[in-house]
Amino acid sequence: MKKFGVPAVLLLSLCIILLGAFLPSLAASWQDSADSSQIHYAAVNNVQLEFNSNGQQSSLREKFALISKYSDSMSLPASLATLTENDIVRIVQDVVAKYQQSGLLPVGLHQISKRDILESQAYMVSWGEDESRSNIFWNVSVSLNTDLYLHLVLDDQTETVCAITYTDSSEDPQAQNQSEATLRARMAVLCTLYLEGLGQEFSQYDPESIARGGQYQAAGNSVSAHLSWGDLLYGEVKIRFYLSDDTFYVTIS
């Protein structure tokens, strides 16, 4: 026994040294084998989409310029906008009530509800790749009655009605063959309602003067008018007003 004691100890020591040298490789191979049937995911940070910049809200003039001259737009889920579905219904109800009281919309319409909103889509407009010049708007289409429709473009931040279009598609429109004087009077009401909705920023414009300067077209029995201003970045921006027997609209171009 003693004769073989020293060689045995040396052999055992050599085995231990070799095992220690190969242990990391063996462990890695075992780990790879254990993980081969499993899927692993790297940690992902939360993503947040941010608009406009420096915490400052753009003026309506800047927003109107974006609408008229924008070079890029993108539809957005409602979750990324400020306004909610209930807000949209409330705004539409308010617009309908004001335009009814003014005589531009017919009386006797039912109370607007969610089922009357045919479309309410949020979208972001930006000036090319310049994220500091961007804004969220809403396209909203409403069924007022079987043949009466309203379309609005709303500013997501301020709830401002940026554009409005009303059409009566019935074969026998409720208002027909109005006189030029009547159309001009209604044009003055349209200009007044719209500009009042824009607030203080457009208070220097006189709606009566805009209406008086409008052009009458006998062929379509309509009156059109506009106001405009120049912008160093975007160029000329126009708010166009149009009114006929069965239609009126205010658009930005």
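V153 has A163 of strand 5 as its bridge partner. The model is predicted; local features require pLDDT of at least 70, side-chain atom pairs count only at pLDDT 80 or more, and totals for chains, interfaces and linings use all residues. Residues are numbered from 1 along each chain as its sequence is written, and side-chain values use heavy atoms, with hydrogens and water left out.

Strand 5 spans residues 161-168 and pairs with strand 4 in the antiparallel sense, over seven bridges. Two strands pair if DSSP finds at least two bridges between them. Strands (E, at least two residues) and helices (H or I, at least four) are DSSP runs, numbered from the N terminus. Five residues separate the two strands in a hairpin. In the turn, E159 has a positive phi of about 65 degrees. Strand 4 covers residues 148-155 and is largely enclosed by the rest of the structure, because six of its eight residues are buried. Buried means under 20% relative accessible area (1.4 Å probe, protein chains only).

Q178 lies in the loop between strand 5 and helix 4 (180-198). Q178 is buried, at 14% relative accessible area. Beyond its neighbours within four places in sequence, Q178 contacts (heavy atoms within 4.5 Å) L183, R186, N221, S244 and D245. S244 is 66 residues from Q178 in sequence, yet their C-alpha atoms are 8.4 Å apart.

Two cysteines were also examined for burial. C162 is buried at 0% relative accessibility. C191 is likewise buried, at 0%. A disulfide is a pair of cysteine sulfur atoms within 2.5 Å. By this rule, the count is zero disulfides.

Notes. Buried < 20%, exposed > 50% of the residue type's maximum accessible area, 1.4 Å probe, protein only.
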